[in-house]
Amino acid sequence: MSGWLCIAGLGPGSEALVTPEVRDVLAEATDVLGYIPYVARVAPRSGLTLHPSDNRQELDRARAALALAAAGGRVVVVSSGDPGVFAMACAVFEVMEGRPDWQALDVRVLPGITAMLAAAARAGAPLGHDFCTLNLSDNLKPWALIEKRLRAALGADMAIACYNPRSASRPHGFEHTLQVLRETCEPDRLLVFARAVTTPNEHLVCVPLAEARADMADMRTLVIVGSSTTRRVGRFVYTPRSVVGECA
Ligand code: SAH
């Protein structure tokens, strides 16, 4: 019997936001691998082996998943949100690059609802015009590159969805981010702090830059920095779809 590997996104937290496609492959799987809290979202059953592992072991996990599929397993690697957004899909392809014998395996990437889309929907429509996404973690790249990209995005006046803003092991990066924002943006620039969106611990707050503090973010928070046109309407936040006038 030939095995397969699906790299699947479980969405931002709510079971209602797991796609039917992902549900179906989980029902057929013999093995599920992933970071401990994501594997904990998969119900145990007979015939299914769960392989939870630590956060920093992504390449080892990808290698183990490909090896299980090559041996005939029906394997699912789970990520939160979408597996291609700062998650496991890239790790699998990185391992595959060094293993030509694994490149012909039946491998599929199944999309999920990424955190920024769930957070934006809760807030209103802050990503309704041009925007970009930054991963603020300096685990896999130097802070200088993060700052360069942040300044470029601010220079282009795009809304920015910031993943991994702050963690216990990286308490200072987001403080630097706020300093760069204070240097370059007006004090009433809107920021949305969306924590644990679609889970029972969901907490959303929208503040002007002047009131933003680093401790409003943690590793379960997605921060949306509005563009210069992002504004409030009632209890919502949105970015108009049109920009009138010349580019400065
Ligand atoms: N693949 C995931 C992102 C993994 S990086 C996705 O597509 O969503 C982990 C970061 O995602 C967290 O630090 C946080 O910034 C964001 N995140 C994930 N789930 C979230 C949620 N439910 N609410 C807010 N932010 C979330």
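Which atom of the ligand does a backbone N or O atom of Pro-12 lie 2.8 Å from?

Analyst: That atom is a nitrogen atom of the ligand, 2.8 Å from a backbone N or O atom of Pro-12, and the pair counts as a polar contact, meaning a pair of N or O atoms within 3.5 Å. This is a predicted model, in which local features need pLDDT of at least 70, side-chain atom pairs count only at pLDDT 80 or more, and totals for chains, interfaces and linings use all residues. Residues are numbered from 1 along each chain as its sequence is written, and side-chain values use heavy atoms, with hydrogens and water left out.

Oxygen atoms of the ligand take part as well: one lies 2.8 Å from a backbone N or O atom of Asp-82, and an oxygen atom is 2.7 Å from a polar backbone atom of Thr-221. Of the 550 Å² of accessible area (Shrake-Rupley method, 1.4 Å probe) that the ligand has on its own, the protein covers 91%.

Around the ligand there are 19 residues (each with a heavy atom within 4 Å of it), of which Asp-82, Val-85, Thr-114, Met-219 and Thr-221 come nearest. By class, this shell holds twelve nonpolar, five polar and two charged residues, where Asp, Glu, Lys and Arg count as charged and Gly is among the polar ones.

The ligand sits in the largest pocket, which requires more than half of its atoms to lie within 2 Å of the pocket's grid points. A pocket is an open set of points on a 1 Å grid over the protein atoms alone, where a 1.4 Å probe fits, with protein on both sides within 12 Å along at least five of seven lines, and lining residues have an atom within 4 Å of a point. About 1600 Å³ of space lies in this pocket.

Methods
Polar contact = N/O pair within 3.5 Å; in protein donor to acceptor, adjacent residues only side chain to side chain. Points joined across faces, edges and corners; volume = space filled by probe spheres on them.
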